[in-house]
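Hi,

Here is the structure I promised to pass on. Have a look at it first, and then read my notes below.

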Amino acid sequence: MTRIPYRILPLAALALPFPAHATVYMTVEQAQAQMFPHQALTQSFRDLTPDQVSAIRKASGESPLSKKLKAWRAADGGWFIVDEVVGKHEFITYAVSLDAAGVVRDVEILDYREAYGGEVRDPRWRRQFIGKRPGQSLKLGADIKNISGATLSSKHVTDGVRRLLATYATVLAHG
C-alpha cells in the first residue's frame, strides 16, 4: 500500500474545488424595469478620460475600477448606472438609479459572488442610500449603518455609491 506523506496533504487540500457561491438576483433589464417602470432608457456609455478619473477620485476618495461607464438615460432625465465593487474577494455587481438632479432613487444588488456578506441585498439596508446626493457625506458607520458579518461588502458598496455620485457630478450632470 502506498502511503501519502503528511506534508502533501495541505497541498492536496488546496487542489480541492472551493465552493463557489454566485447568485444572480436580477438582470440589468429587470433592474431597469424595476427602477424606471414604464420609461424608455437610452444607453449612454462613456469612456472616462484621465481628467475625469482624477476628478472622481478627488471628489469621492475612490478610483473607478473601470474606465467604461455603463449608464442609461431615462425619459424623465434620471440615470441608471451599473457598476462593480470588490466585496472581500469577488465582484459585486450593483445598479444605482438617480433622479434628474443626481439624487439616489434606489440601489439594487444584481450579482453577488461572495460566500458571505450577501446581507447588503437587504432592502432596509439599501434604503439608507435613497436621497443621497453628490457632494453629501456618504461613509459607512457614519451615514450608512454597517452590517455585522458583511463589513467589507457594506463598505465597498457604500464606497461605490459615493463614487457613482461623484461620477454623475463629473460626467453625467453636464450632458
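Let's start with pairing: two strands pair if DSSP finds at least two bridges between them. Helices (H or I, at least four residues) and strands (E, at least two) are DSSP runs, numbered from the N terminus. Keep in mind that this is a predicted model, where local features need pLDDT of at least 70 and side-chain atom pairs count only at pLDDT 80 or more, while totals for chains, interfaces and linings use all residues. Residues are numbered from 1 along each chain as its sequence is written, and side-chain values use heavy atoms, leaving out hydrogens and water.

Now to β5, which covers residues 79-86. On one side, β5 runs antiparallel to β4, joined by four bridges. Trp-79 of β5 is the bridge partner of Arg-73. The two strands form a hairpin with four residues between them, and Gly-77 in the turn has a positive phi of about 95°.

β5 also pairs with β6 (residues 91-98): eight bridges here, again antiparallel. Val-85 sits opposite Ile-92 of β6, and this hairpin too is connected through four residues.

For contrast, look at Leu-65, in the loop between α3 (50-60) and β4 (68-74). Leu-65 is exposed, with a relative accessible area of 53%.

Cheers

Conventions: Buried means under 20% relative accessible area, exposed over 50%, partly exposed in between (1.4 Å probe, protein chains only).
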